[in-house]
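Have a look at the structure first, then read on.

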Amino acid sequence: MDQLAGHGKGFGAVGAPDLTEISNPAAHCDDADFLVGRYPQTRAEASAKLLDCVNHLRRRFREAIDSAKDLLDDEGQIIGAEVNLGTDCALANTEQRAKCESLEGFGRALHGAQDFYSHSNWADVADPSRPIGADNPPGLNLPAPSPVLDLRGSGAPTVPRDLTTGCFVIRDSVPGVGACERRVTHAALNKDNGLVDQSTGATTSPTTPRGEVASNFAKAVAGAMVETRHQWQDFRAALETSYGAQKGSLMACALTRDDPLNDCRGRSRAAAVLAISGVLIGVLGVGILLFQARRRRHLNVTNRSPLPP
């Protein structure tokens, strides 16, 4: 969990896009902004930007699946050197251990999936005291998991007409400037700032304008938690589909245990699934909810108090 979520001042795999993909909107589901009416970007253009994000996350998800094959030798046994975490995983394509490579791919996929709930209007509501507009886009108030984030699939997702994310430039503001002029901006829509209890997932102290409306911050966090658990379930299923039930379960065990050489030895598929479900699923979604150690130098959300600025 430390390697996936980060510990101390380390970002971990989920935070990796804030280190190496800062300016890539697809890594954060940014720039898929749209409003009905006269708007600088059409619905089709916004949906194409959203598909860029989904496809980017699919590639990361697939990287994690592909890297997992090197956890096992030709006889289907865990390779000690590939799962040893005596030193922290190195990020940004400098890592050689299969466990670290797989966790990084999965973490990067989770980053964008969690950003989707913070950077879009999927789960939130508009401020009822102000008119709908670029500074107050409509909210969809929809539950998680989102069918938009089908990372095992390959087709274009169905996008609700009013779905929007925020346009982002370094000078992120309301109203937008530069390329984001007259557009829904990240600053107007994000729910990045606030506190998340690492044990319960309870939220307090939202500080962004959109996050302070109604229970928007709590909804975004809850949505990201549900989505994270859902993506782990899909990831585990994808391992079994790709490598067979026995090897896939052993790979999942190797990825979720500190001492997989001993903890996963001789485990039946059923035992592995039960153990993973009991230990990991209860933690995923809260423990790795970085939400996010954002690149914008404004994120204060934490599941590990305090996150680095």
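The S-S bond of C29 and C53 has a torsion of about -60°, so this disulfide is left-handed. A disulfide here is a pair of cysteine sulfur atoms within 2.5 Å, and by that rule the count comes to four. Keep in mind that this is a predicted model, where local features need pLDDT of at least 70, side-chain atom pairs count only at pLDDT 80 or more, and totals for chains, interfaces and linings use all residues. Residues are numbered from 1 along each chain as its sequence is written, and side-chain values use heavy atoms, with hydrogens and water left out.

**Disulfide C29-C53**

- The sulfur atoms of C29 and C53 sit 1.9 Å apart.
- C29 is in the loop between α3 (17-20) and α4 (43-68), while C53 is in helix α4, so the pair ties together parts that are 24 residues apart in sequence. Helices are DSSP runs (H or I, at least four residues), numbered from the N terminus.
- C29 counts as buried at 1% relative accessibility, and C53 is buried too, with a relative accessible area of 1%. The cut-offs: buried is under 20% relative accessible area, exposed is over 50%, and partly exposed is in between (1.4 Å probe, protein chains only).

**Disulfide C89-C100**

- C89 and C100 are bonded through sulfur atoms 2.0 Å apart.
- Which hand does the link of C89 and C100 have? With -75° about the S-S bond, the link is left-handed.
- C89 belongs to the loop between α5 (80-83) and α6, and C100 to helix α6, so the pair ties together parts that are eleven residues apart in sequence.
- Both C89 and C100 are buried.

**Disulfide C167-C180**

- For C167 and C180, the sulfur atoms are 2.0 Å apart.
- C167 and C180 each lie in the loop between α6 and α7 (186-189), 13 residues apart.
- C167 is buried at a relative accessible area of 3%, and C180 is buried at 1%.

**Pairing pattern**

- Number the bonded cysteines of the protein chain in sequence order and the pairing reads 1-2, 3-4, 5-6, 7-8.

**Aromatic pairs**

- How many aromatic pairs does the structure hold? The count is seven.
- The ring centres of F34 and Y39 are 6.2 Å apart and the planes are at 75°, so this pair is edge-to-face. The rule: rings of Phe, Tyr and Trp (its six-membered ring) pair if their centres lie within 6.5 Å, with planes under 30 degrees apart counted as stacked, over 60 as edge-to-face and the rest as tilted.
- F34 is buried, with a relative accessible area of 9%, and Y39 counts as buried at 14% relative accessibility.
- F106 and W232 make an edge-to-face pair as well, at 6.0 Å centre to centre and 65° between the planes.
- F106 is in helix α6 (residues 98-119) and W232 in helix α8 (residues 216-243), so the pair ties together parts that are 126 residues apart in sequence.
- Are F106 and W232 buried or exposed? Both are buried.
- Ring pairs also link F106 and W232 with F61 and F235 into a cluster.

Definitions and conventions: Helix = DSSP H or I, 4+ residues; strand = E, 2+ residues; numbered from the N terminus.
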